[in-house]
Amino acid sequence: MFDARPNTSSNLDYYRHRAAQFRSQVARRLDGSLTEEEFRPLRLMNGVYLQLHAYMLRVAIPYGTINPDQMRTLALLAQKWDKGYGHFTTRQNIQFNWPKLVDIPDMLDALAEAGLHAIQTSGNTIRNVTTDAFAGAAADEVMDPRPYAELLRLWSTDHGEFQFLPRKFKIAISAGAKERAVIAAHDIGLRIVRNDAGETGFQVWIGGGLGRTPLLGQVVREFLPEADLLPYVEAILMTYNLAGRRDNKYKARIKITVAERGLDVMREEIEAEFINRRAVFTGVDQKLLADLKAQYAAPNFRHEPTGDYEAERAKSGAFRSWTDTNLSAHKVEGYASVTLTLKAPGVTPGDASDEQMRLVASLAERYGHSDIRIAHDQNIVLPHVHKSDLPAIYRELVEAGLATANAGLISDIIACPGMDYCALATARSIPIAQDIADHFRARGLEDEIGQFNIRISGCINACGHHHLGHIGILGLDRAGVENYQITLGGDGYEIPAIGQRAGAGFPGEEVVPAIDRVVTAYLALRDGPQERFIDAYRRLGAAPFKAALYPETANA
Amino acid sequence: MSKTFTPSPETPAVITANDLRMGHCVWMLDGSWTADPGKAQLFEDGPRAELALLEAEAQGHIVVGAYLAEAKRGPNGPEATHFREEFRRRGPSNYFHGKQAETVTA
Ligand code: HEM
Ligand code: SF4
């Protein structure tokens, strides 16, 4: 049933209360009154995993939106209870790799004071709702998806009926004419659209997910009126909760339920349930939505000339190249959204230091209407920046190592923690990502290659979204040695596609040369600089790229 | 990291786990725990190793997730045979911190 309790003025109290609860659970674990078997589900309910070298705390950043004070709190956690950095994930969250169990209650207390928490960042529940990092700013947006994301968050937090789903459940929502939230790879994907009558509503996708059985979502409803969002999503969840398999963890995601039973059967059941659920929603959700829309009203944009910005572009090649790659079109004249990539040379993809986090907080306050986003591609976005402020921002970013001009380029790689941290990993991903980035930088080819997505996971769970990389890399264990399987042609955005396995895997030291051969083949085969790798791949098929990967077989 | 793995003179093993309070990797020696894998006890006898593993599992107030990991005899004590265990011994490869740094200063 709809319950907005966590969002009322008492929401901080609620987070404090949850932190206190966990403090007592930790104390009881340490004094021996709870066994690990009893404690494990309790710690997972609070985002605490035990990884290879340490505990890991996953903190929710709802739809990647965070304010400067909250960012400073994350910096504090990194500095005081970790080793001075945090890892931003593809799910717009942050993970801390080194907390001690005894410190985690203090960390949760600090988060609670900032309105943050780790609730439902693990377990078979509805996880953090994700969205476009440019929400509320993008020039091509139908409307700001964040009020709906917040509505979904409030509804799903502590939702009594959906705490023990067959498996984890991920919802993504996007509103750009261009799709940027990877909705096809989510359990539910929502795309905000306008119908012929000019009303806004949602195109609803279900059954997407990667992992060991990668499947793209399918459209279950072409147009869902805005007011029906919660009852319809609830109907999907209820149908899944009943029909989803619980006998086999690997077949428990809704993607398998949809694949096994068929989309039409699911649709029929969802629609039937929707009628019942619709009747129960008497309007409190709509009142709340109206409040949320007011809360997410656009900031007070300035109207000023951008001459300084143009002058700096003319003067400085480095500034120009950074603005060429790292700015996105804003809906308001004179503004831009700025991507700060966490992919500087030698840096672990997605990591930010406590000092970098504090700088971002301060820049957002001074120049960015106090709005910060964590992007799906493990980068940070300042969504609303007036162009006249960009030269000043750029200077500070350069000093902090946050001005790498590579957003969307071949060195802007998504990589999961892999065997360097993750207890489930079968191989490392971080050093492979770093080697590939270094290699193409050293060859000076990055700009020439253009938009290129490489994604790496350290095991079949696919946290690094390797299936959706134009080139995907999956780390495996072949008889005690790291081995990397390559997939080609994946895409998470406009034309969702699961990459196809190219052939036998490569030992770690052969990955960079192999990728280099594919990229070199692409540069020779493309129609021109405007044809991205993925476009060339679609036009030419896999054969020429496979031949580049496996030259011996091609010549045989 | 199967617990059904049985050590033998050809495939010796150590018992390893994570420290409950701190989370770091630890290795068993004579029923107690050390953060130095070189000091770990190397088991070549299946039944003795199984017994020691039961003992390790009974120490749930000190460690989490004890298991047998294949190892080999080295000049400075047991060495890992699988790269996963090598990472648990050394720490992550992306930063020079954690165990690498500690080993150097020690
Ligand atoms: C280190 C701790 C982590 C653990 C133990 C972990 C575990 C898992 C597991 C078991 C799955 C597969 C779930 C399933 O198919 O049912 C999964 C999926 C996923 N994880 Fe992680 N993960 C971790 C870290 C991360 C990080 C750091 C990221 C982002 C960089 C991430 C992003 C994802 C995503 C996006 C998926 C979804 C793949 C899909 O669509 O099925 N995870 N994770
Ligand atoms: S893909 Fe595998 S190795 Fe990478 S974070 Fe996920 S579970 Fe760990």
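## Annotated domain

In this predicted model, the end C-alpha atoms of residues 122–274 of chain A lie 27 Å apart, and the span is 30% helix and 18% strand, where helices (H or I, at least four residues) and strands (E, at least two) are DSSP runs numbered from the N terminus. For residues 412–549 of chain A, the end C-alpha atoms lie 22 Å apart, with 36% helix and 19% strand. An unreviewed UniProt entry places the feature "domain: Nitrite/sulphite reductase 4Fe-4S" at residues 122–274 and 412–549 of chain A; such annotations may be inferred rather than shown by experiment, feature names are shortened, and positions are given in the numbering used here.

Residues are numbered from 1 along each chain as its sequence is written, while chains are lettered from A and ligands numbered from 1 in the order in which they are written. Local features need pLDDT of at least 70 and side-chain atom pairs count only at pLDDT 80 or more, whereas totals for chains, interfaces and linings use all residues, and side-chain values use heavy atoms, with hydrogens and water left out.

## Helix pair

Helix α11 (residues 317–326) and helix α13 (residues 390–400) of chain A pack at an angle of about 100°, with their axes 11 Å apart; axes are lines fitted to C-alpha atoms, for helices over the stretch in contact, and angles run from 0 to 180 degrees between N-to-C directions. α11(A) and α13(A) are therefore roughly perpendicular to each other (65 to 115 degrees).

## Ligand sites

Methods. Parallel < 35°, antiparallel > 145°, perpendicular 65-115°, else oblique.
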